[in-house]
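Subject: Structure handover

Hello,

Here is the structure you asked to take over. Please open it first, then read the notes below alongside it.

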Amino acid sequence: MTPSLSVEQLIERALDLAENGRGKTRPNPVVGALVVKDGEVVGEGWHERAGGPHAEVVALAQAGERARGATMVVTLEPCCFTGLTGPCCERIVEAGVARVVAAAEDPNPKVSGRGLARLREAGLTVEQAEGELAFRARRQNEAWRTWIAAGRPFVTYKVAATLDGRVTLPGSRWLSGEASRRLVHELRAGSDAVAVGMGTVLADSPRLDARDVGAERQPRRLAFGKGPLPEESELELRSGPIAEELAALAREGVQSLLLEGGPTLATAFVEAGLVDKLLMFVTPYLAGTGPKLFGDLTHPLELSRVSTERIGEDVLISAYIHEP
């Protein structure tokens with residue numbers, strides 16, 4: 001790799017390395033790490049699978065003796081406890097690393113900051129990323145971070161709406177275009193669970209599976225609300241209070257939930273403070289009538305990190321209600 005890369009470039013490289021573990025590390029996060037000596041990357045690695053070596057250990061092994069006096073750049077605060085593997089902090093100290101740059105802190109309230117504190121106690125220089133790079137590192141593991149810190153899945157509300165904010169179009173089965181619908185199947189494939197409300201179940205008999213996108217696994221398919229479900233439905237009914245159901249799903253290992261329900265369910269989730277991210281496919285129609293995006297909210301909500309992207313004939317608006 002080109003020597004004398006900036007810290008920002010090194011973090012970018014570590015984030016890219018971390019993605020090699022995507023889909024293989026559950027229930028752990030994806031993590032990437034680099035060891036840099038005299039402006040040259042002498043070791044790099046990523047967390048490949050749960051129970052396997054952490055990214056820092058892989059990078060240190062590759063660096064060998066060159067790790068002494070070097071800088072380590074890692075996407076997540078090194079662990080300081082023994083789980084399936086030993087604490088990375090001790091391995092970093094033993095290797096003689098002089099400086100650690102961490103892109104994101106550990107979100108677990110029981111251990112957050114302890115890894116960096118241990119490194120400082122051992123005499124290492126410790127720095128943390130700020131601004132956009134820190135956000136990108138948090139976003140990389142947004143579902144895991146919410147699952148660990150809040151004890152519930154990270155909830156993304158996906159909805160298609162017309163320019164006048166309606167979620168149905170008279171005389172049409174589909175509201176969004178083909179490219180948007182394909183992206184929705186990709187979103188399902190990347191989620192642990194997908195959910196709708198009973199109103200959508202009764203109106204549309206949705207399957208909620210990920211189709212024609214090469215999904216390696218299917219999400220759990222849920223219906224929130226009072227039953228019973230129609231006999232032909234293959235969805236899983238969750239009829240308890242929303243917060244309790246989300247906590248139960250988290251205990252069952254569900255880290256991410258894609259919410260596809262109508263305005264009634266969406267409003268209930270938002271009012272309970274349980275939607276983290278909004279994905280709104282705006283379609284080139286004026287419906288003039290029909291249900292709106294949400295019911296009446298008791299208070300306005302400020303969105304952050306708002307971005308737009310053209311998806312076929314539609315425009316996808318992405319925004320956070322709760323940043324990771």
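Is Y320 buried or exposed? In this predicted model, Y320 counts as buried, because its relative accessibility is 4% and the cut-off for buried is under 20%.

The chain as a whole

Of the 324 residues of the chain, 48% count as buried. Its secondary structure comes to ten helices and 13 strands, and the C-alpha trace spans about 70 × 40 × 35 Å along its principal axes. The chain exposes about 15,700 Å², of which carbon and sulfur atoms supply 49%. Taking contacts between residues at least 6 apart in sequence, 71% join residues at least 24 apart.

One such separation in sequence can be looked up directly. E178 is found in helix α7, residues 178-189, and is exposed, with a relative accessible area of 65%. The C-alpha atoms of E178 and E313 are separated by 8.8 Å, although these residues are 135 apart along the chain.

Aromatic rings

A pair of aromatic rings is described by the distance of the centres and the angle of the planes. The structure holds three aromatic pairs, and two of them are set out here.

One of them joins Y320 to F135: the ring centres are 5.7 Å apart and the planes stand at 90°, so the pair is edge-to-face. F135 belongs to helix α5 (residues 131-140) and Y320 to strand β13 (residues 314-320), so the pair ties together parts that are 185 residues apart in sequence. F135 is buried too, with a relative accessible area of 2%. The charged end of R305 also sits over the ring of F135, at 3.8 Å from its centre.

Another pair is made by F224 and F269, again edge-to-face, with 5.4 Å from centre to centre and 80° between the planes. This pair links distant parts of the chain, 45 residues apart: F224 is in strand β8 (residues 220-224) and F269 in helix α10 (residues 263-271). F224 counts as buried at 4% relative accessibility, and F269 is buried at 0%.

A charge over a ring also turns up elsewhere: R181 lies over the face of W174, 4.4 Å from the ring centre.

E245 and its surroundings

F224 comes up again here. Leaving aside neighbours within four places in sequence, E245 is in contact with F224, R238, S239 and G240. E245 has its place in helix α9, residues 242-251. Is E245 buried or exposed? E245 counts as buried, because its relative accessibility is 13%, and the cut-off is under 20%. The side chain of E245 reaches the backbone nitrogen of G240 at 2.8 Å.

Cysteines

A disulfide is a covalent bond between the sulfur atoms of two cysteines. How many disulfides does the count come to? The count comes to zero.

Regards

How values were computed:
Residues are numbered from 1 along each chain as its sequence is written. Side-chain values use heavy atoms; hydrogens and water are left out. Rings of Phe, Tyr and Trp (its six-membered ring) pair if their centres lie within 6.5 Å; planes under 30 degrees apart count as stacked, over 60 as edge-to-face and the rest as tilted. Helices (H or I, at least four residues) and strands (E, at least two) are DSSP runs, numbered from the N terminus. Buried means under 20% relative accessible area, exposed over 50%, partly exposed in between (1.4 Å probe, protein chains only). A charge sits over a ring if NZ of Lys or CZ of Arg is within 6 Å of the ring centre and within 35 degrees of the ring normal. A polar contact is a pair of N or O atoms within 3.5 Å; within protein, one must be able to donate a hydrogen and the other to accept it, and residues adjacent in sequence count only if both atoms are side-chain atoms. Contact means heavy atoms within 4.5 Å. A disulfide is a pair of cysteine sulfur atoms within 2.5 Å. Accessible areas come from the Shrake-Rupley method with a 1.4 Å probe; for residues, only the protein chains shown count as cover.
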